Amino acid sequence: MHRPATTPEPTADERISHLRGRIDQMDAELAELLERRALVAAQVQRLKPVGYFAGRDERRERELVERMAEHAPRLGADRLAAIMDSVISAGLAAAQEEAEGRR
């Protein structure tokens, strides 16, 4: 009787390498999304009467974080608030530098 050849289980190092590859791909996708977000946010800032850091809308940011927390319960609103504060600040700084001709 012939038994089918079995594939050996991947080692922990192989599994880690595979998972890290997935993380690297997601990080690249996340960077592209952040870039797109920053470009759209810069358009919004140019249209506001008071733009850049002075034009931040705390209520909108809070609502954004609450919506995001529904999709990322593991992170939760507090962690997402810190992440999004950094994302928003970085995008605003980039837009302001661009508007001032520093980029």
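Reply: Helices are DSSP runs of H or I with at least four residues, numbered from the N terminus. Please keep in mind that this is a predicted model.

Me: What is the volume of the largest pocket?

Reply: The volume of the largest pocket is about 380 Å³.

Me: Which residues lie nearest its centre?

Reply: The lining of the largest pocket comprises 14 residues, and Arg37, Ala41, Val44, Gln45 and Arg60 are those nearest the centre. By class, the lining contains 6 nonpolar, 2 polar and 6 charged residues.

Me: Let us change topic. How is a pair of packed helices described?

Reply: One gives the angle between the two axes and the distance between them.

Me: At what angle do H1 and H3 cross, then?

Reply: The axes of H1 (residues 12-47) and H3 (residues 76-99) cross at roughly 60 degrees and come within 9 Å. H1 and H3 are therefore oblique to each other. The crossing of H1 past H3 is right-handed.

Me: Which residues make that contact?

Reply: H1 contributes Leu34, Arg37, Ala38, Ala42, Gln45 and Arg46, while H3 contributes Met84, Val87, Ile88, Gly91, Leu92, Ala95 and Glu98. The contact of H1 with H3 has 8 nonpolar, 2 polar and 3 charged residues.

Me: What about H2 and H3: at what angle do they cross?

Reply: Their axes cross at roughly 125 degrees and come within 9 Å. H2 and H3 are therefore oblique to each other, and H2 passes H3 in a right-handed crossing.

Me: Which residues of H2 and H3 meet?

Reply: From H2, Glu61, Leu64, Val65, Met68 and Ala69 meet Gly76, Ala77, Leu80, Ala81, Met84 and Ile88 from H3. By class, the contact of H2 with H3 has 9 nonpolar, 1 polar and 1 charged.

Terms used. Residues are numbered from 1 along each chain as its sequence is written. This is a predicted model: local features need pLDDT of at least 70, side-chain atom pairs count only at pLDDT 80 or more; totals for chains, interfaces and linings use all residues. Side-chain values use heavy atoms; hydrogens and water are left out. Axes are lines fitted to C-alpha atoms, for helices over the stretch in contact, and angles run from 0 to 180 degrees between N-to-C directions. Helices (H or I, at least four residues) and strands (E, at least two) are DSSP runs, numbered from the N terminus. Angles under 35 degrees count as roughly parallel, over 145 as roughly antiparallel, 65 to 115 as roughly perpendicular and the rest as oblique. A crossing is left-handed if the near helix is turned anticlockwise from the far one by less than a right angle, and right-handed if clockwise. Contact means heavy atoms within 4.5 Å. Ala, Val, Leu, Ile, Met, Phe, Trp, Tyr, Cys and Pro count as nonpolar, Asp, Glu, Lys and Arg as charged, and the others, Gly among them, as polar. On a 1 Å grid over the protein atoms alone, a cavity is a set of points where a 1.4 Å probe fits but cannot get out, and a pocket is an open set with protein on both sides within 12 Å along at least five of seven lines; lining residues have an atom within 4 Å of a point. Grid points are joined across faces, edges and corners, and a volume is the space filled by probe spheres set on the points.
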